[in-house]
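The following exercises are to be worked through with the sequence and the coordinates at hand. Each task is followed by its solution in steps.

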Amino acid sequence: MKFLIINGPNLNLLGKREPEIYGNQGFELYLETLRQQFGQATIDYFQSNVEGEIINKLHEVGFAYTGIVLNAGAYTHTSIAIADAIKAITTPVVEVHLSNVFARESYRHESFLTPVCKGCISGFGLKSYQLALQSFLP
Ligand code: DQA
């Protein structure tokens with residue numbers, strides 16, 4: 001089983017960025033916890049602040065991996081191009097958000113990605129990623 005976690009714009013600053021919303025922990029450390037929890041699986045990680053790089057990565061792994069966990073950050077609410085890329089590949093994608101986007105500004109309530117993803121997990125902090133990975137298991 002091969003999984004890829006993709007974090008989009010500003011998520012490289014996790015732990016430093018608006019900690020009251022996104023928490024105090026950086027992603028790299030949490031990734032180690034995830035790798036221990038899902039010992040039987042390979043979990044690759046990619047972060048980019050650039051929309052095209054996220055699309056290129058989806059194309060690169062999207063016919064070979066078991067599943068993709070995607071936090072597209074603010075591109076969630078703007079990117080038809082990422083939605084098209086998800087539609088173009090065969091690997092299922094689960095959308096995740098640390099915060100509960102529906103409890104926030106109204107412009108965060110719309111996602112171009114949810115309709116083309118397998119599902120969406122929002123509001124559980126870093127645990128959202130664990131829940132998303134679990135959703136791929138039998
Ligand atoms: C986010 C929610 C988005 O609205 C926001 O732009 C982010 C992070 C989250 O994980 O809660 O960058 O995807």
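**Exercise 1. Determine in which element Asn7 has its place, whether Asn7 is buried or exposed, and which side chain Asn7 contacts.**

Step 1. Asn7 belongs to strand β1, where strands (E, at least two residues) and helices (H or I, at least four) are DSSP runs numbered from the N terminus.
Step 2. The relative accessible area of Asn7 is 0%, so the residue is buried (buried means under 20%, exposed over 50%, partly exposed in between, with a 1.4 Å probe and protein chains only).
Step 3. The side chain of Asn7 forms a polar contact of 3.0 Å with that of Tyr45. Such a contact is a pair of N or O atoms within 3.5 Å; within protein, one must be able to donate a hydrogen and the other to accept it, and residues adjacent in sequence count only if both atoms are side-chain atoms.

The model is predicted: local features need pLDDT of at least 70 and side-chain atom pairs pLDDT 80 or more, whereas totals for chains, interfaces and linings use all residues. Residues are numbered from 1 along each chain as its sequence is written, and side-chain values use heavy atoms, without hydrogens and water.

**Exercise 2. Describe the backbone and the exposure of Asn10 and of Glu18.**

Step 1. Asn10 lies in the loop between β1 and α1; Glu18 is also placed between β1 (2–7) and α1 (19–22).
Step 2. Although not a glycine, Asn10 has a positive phi of about 75°. Glu18, likewise a residue other than glycine, has a positive phi near 35°.
Step 3. Asn10 counts as partly exposed because its relative accessibility is 38%; for Glu18, which is partly exposed, the relative accessible area is 37%.

**Exercise 3. Identify which side chains have an N or O atom at a stated distance from a ligand oxygen, and state how much of the ligand the protein covers.**

Step 1. The residues surrounding the ligand include Tyr22, Asn71, His77 and Val101 (a heavy atom within 4 Å).
Step 2. A polar side-chain atom of Ser99 lies 2.6 Å from a ligand oxygen. For His97, a side-chain N or O atom is 2.8 Å from an oxygen atom of the ligand, and for Arg108 the distance is 2.9 Å.
Step 3. Of the 320 Å² of accessible area that the ligand has on its own, the protein covers 99% (Shrake-Rupley method, 1.4 Å probe).
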